[in-house]
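Open the model in your viewer and keep the selection tool ready. We will start at one spot and then zoom out.

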Amino acid sequence: MMASKTYRARRLPAHGVESGWEALLPARTPTPALDHAITADVVVIGAGFAGLAAAVRLTDLDPKLSVAIIDADEIGHGASGRNSGFLIDLPHDISSGNFGADAVAKSHNEILVARTAIQHYARLAEAHGWDEEVFDPSGKYSVAMTDVGTEHLEAYSLQLKSLGEPNQLLNAAEVEDVTGTRSYKSGLFTPGAVMVQPTALVRSIADVFQEPVRLYERTPALSIESSSNGCTVKTPKGEVRAGRVILATNGHAESFGFGKGELLHVFTHASLTEPFAPAAIGGLRKWGATPAAPMGTTVRRINGPDGDRILIRSRYTYHPTIEAGAATIKSAGDLHDRKFADRFPDQRHLKMQYRWAGAMALTRNTVPLFGEVAHGIFAACACNGIGGTKSTSAGIATAELLVGHRSKLGDIFRSFEKPQTLPPRPFTDVGARLNLAYREWRAGRE
């Protein structure tokens, strides 16, 4: 009989100020916190993209499995409700480097991972009647502010065509017809991406669950005990005894000691304008655009009953404590104001009503923390960016691994290397901050 081992949380998630996505939605009554001892076949820690996808997939594969989902916060307040709301089906950058057979295979695998996630949400949207405010298969644009950005989009278009992926290059006038601004020099449209309201999306999934799946919000996991008899997850007022645990906490896996010395904790930042009259800015009333250069500026236009709004996402910051403070958010907000004015100079008077930050976890070799990390404990963590699709598919693959189901997706995740160890903290801290600053500088106006 193996000796039991306990993994105690050194810190709990602290997400900070409310995101604009959450602020725009009606108030929601969270499910009750766990206040007693329960048993389940599987306990999922974390109710974001990965954890919710794992729970859905478990019930698909075995409807009789009892599943308890616990989350330290309310649904949508964590990282999964704090992104810019893109489900992207294509690799961000395949236009540089040696595009040989290995690179082609890698790109096809990345596309399969992304589209598995998108198909997962598309099935849920159809089954439960979600409208386009929650899940909108509209495609997305990549846009360039500079000639260098245009060259990048042109090269990217060719590489996509070599993969058999449809896309359409746009000139400045055509981009203006979409965005309502003359600031962009060119664009590229790809039809497979989906726009979501991320907080509404995860809330909608939470509303799907019924027995034998139970969701407990505002219920942080304080410790996980693993033994030959199963696992016990302790919470402030209760506990869950389960055969297995799925750890879907992204960077907070490190709080329990998993991925220690392997995870980089990076925050992205977003600002959302006050509402404006739809006619104030021409073009389409709803669109999303990612930058031509990595680490550039993402822009979305959304609309609601009080008018239209523009979202600006830019700035990546490193925080080993997994918290971004008010000063960091203010600094990022100042950058967003400049980025907005550069893109919409005639609307520079518009104020930003909401500003927030969201965490993601990276690894040195850009692989997830995946698989059985301790007896009975399975991880679906470290999204390495593009969390909407990568985290979702990690959750699906983890559920399949747990029940012994084989799929192409699972084969891809099992083929990943283990995360590489980072240099000692002082070197990692300095290196991460310098790297982020350099990449942001290199992106320039993009």
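**First stop: a strand and its neighbours**

Select Ile 45: Ile 70 in β3 stands opposite. This is a predicted model, where local features need pLDDT of at least 70, side-chain atom pairs count only at pLDDT 80 or more, and totals for chains, interfaces and linings use all residues. Residues are numbered from 1 along each chain as its sequence is written, and side-chain values use heavy atoms, leaving out hydrogens and water.

Now select strand β3, residues 67-70. β2 and β3 pair in the parallel sense over 4 bridges. Strands pair if DSSP finds at least two bridges between them.

Next, select β2 (residues 37-45) and β13 (residues 239-247). These strands run parallel, joined by 8 bridges. Pick Thr 39: its bridge partner in β13 is Arg 241. In a regular strand, side chains alternate between the two faces of the sheet.

**Zoom out**

Show the whole protein chain. It has 10 helices and 20 strands. Both are DSSP runs, numbered from the N terminus: helices are H or I with at least four residues, strands E with at least two.

Switch to the C-alpha trace. Along its principal axes it spans about 70 × 50 × 45 Å.

Colour by burial. Of the 446 residues, 57% count as buried, meaning under 20% relative accessible area with a 1.4 Å probe, protein chains only.

Finally, show contacts (heavy atoms within 4.5 Å). Among those between residues at least 6 apart in sequence, 78% join residues at least 24 apart.

Notes:
Buried < 20%, exposed > 50% of the residue type's maximum accessible area, 1.4 Å probe, protein only.
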